[in-house]
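Hi everyone, thanks for making the time. Please bring up the model on your screens, and let's walk through it together.

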Amino acid sequence: MKNIILVISIIFLSGCVPWFNSTTNISDISGIVRARGEYDNRFAYRHKYMNNSIKALPLIVTAGTIKNTGEFFAEIDFRVYNKSQAINFKYIDLYNSQGIKWEWEVYRNRLQVEKNRNFIIESYSMRIDSQINELIKFFNDDAIYLKIIGDVNNFKRLDPKHTQSIILTLEYAKYISQN
């Protein structure tokens, strides 16, 4: 009797039973929801913390597929909220506590400026399709710092909950990029 239980356990754990694999699928990453906002011809997803946070988050990661072609995409969006004037940012730096640094030069024609009642919101988006694995390694750190350089410099440490939501979205992006 013990041998039969052992054999059945080995079959389940080895992945020979297809329903077991489907219930432990990585696509069930906790907290991934449909992204808010305008994503014309794309199915866009991100972690619920980035979707529902009342905080003005400076960095948002979105992943999904293009409706017509099914092609995968992942993008990172940097945002600056300012009450008085736009800071016209030119460079973006991300640092972690291990001394690893990511740098982006901001192309003026892709910088978007939006004015609402209380804030001037500057945002800059770029595709990160081929950089997902490297970004997962980068964000798996205790401290992540974002520096936006422009007319006025903006330097922030990312909240650990925010960092965790970025990692979960990147893990989801990694999963859908492989399918």
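This is a predicted model: local features need pLDDT of at least 70, side-chain atom pairs count only at pLDDT 80 or more; totals for chains, interfaces and linings use all residues.

Let's begin at Ala86, which touches Ile120 and Glu122, leaving aside residues up to four places away in sequence; contact here means heavy atoms within 4.5 Å. You'll find Ala86 in the loop between strand 4 and strand 5 (91-96). Helices (H or I, at least four residues) and strands (E, at least two) are DSSP runs, numbered from the N terminus.

Residues are numbered from 1 along each chain as its sequence is written, and side-chain values use heavy atoms, with hydrogens and water left out.

Now for the open spaces. On a 1 Å grid over the protein atoms alone, a pocket is an open set of points with protein on both sides within 12 Å along at least five of seven lines, a cavity is a set where a 1.4 Å probe fits but cannot get out, and lining residues have an atom within 4 Å of a point. Grid points are joined across faces, edges and corners, and a volume is the space filled by probe spheres set on the points.

The largest pocket holds about 460 Å³ of space. Its lining has 18 residues, and nearest the centre are Asp77, Arg79, Gln112, Ser123 and Ser125. Which strand gives the most to this lining? Strand 8, with six residues. By class, the lining has seven nonpolar, four polar and seven charged residues. Here Ala, Val, Leu, Ile, Met, Phe, Trp, Tyr, Cys and Pro count as nonpolar, Asp, Glu, Lys and Arg as charged, and the others, Gly among them, as polar.

The second largest pocket holds about 310 Å³. Of its 15 lining residues, Arg46, Met50, Asn51, Ile60 and Arg79 lie nearest the centre. Helix 3 gives the most to this lining, with three residues.

There is also one cavity of 30 Å³ or more. Its lining is Pro58, Arg79, Val80, Leu146, Ile148, Asn154 and Lys156. Strand 4 (72-82), strand 9 (144-149) and strand 10 (154-157) each give two or more residues to that lining.

Finally, let's turn to a pair of helices. Helix 4 (residues 132-139) and helix 5 (residues 160-177) pack at an angle of about 155 degrees, with their axes 10 Å apart. That makes helix 4 roughly antiparallel to helix 5, a label for angles over 145 degrees. Axes are lines fitted to C-alpha atoms, for helices over the stretch in contact, and angles run from 0 to 180 degrees between N-to-C directions. On the helix 4 side, Ile132, Asn133, Leu135, Ile136 and Phe139 take part, meeting Thr163, Ile166, Ile167, Leu170, Glu171, Ala173 and Lys174 of helix 5. That contact divides into eight nonpolar, two polar and two charged residues.

Terms used. Angles under 35 degrees count as roughly parallel, over 145 as roughly antiparallel, 65 to 115 as roughly perpendicular and the rest as oblique.
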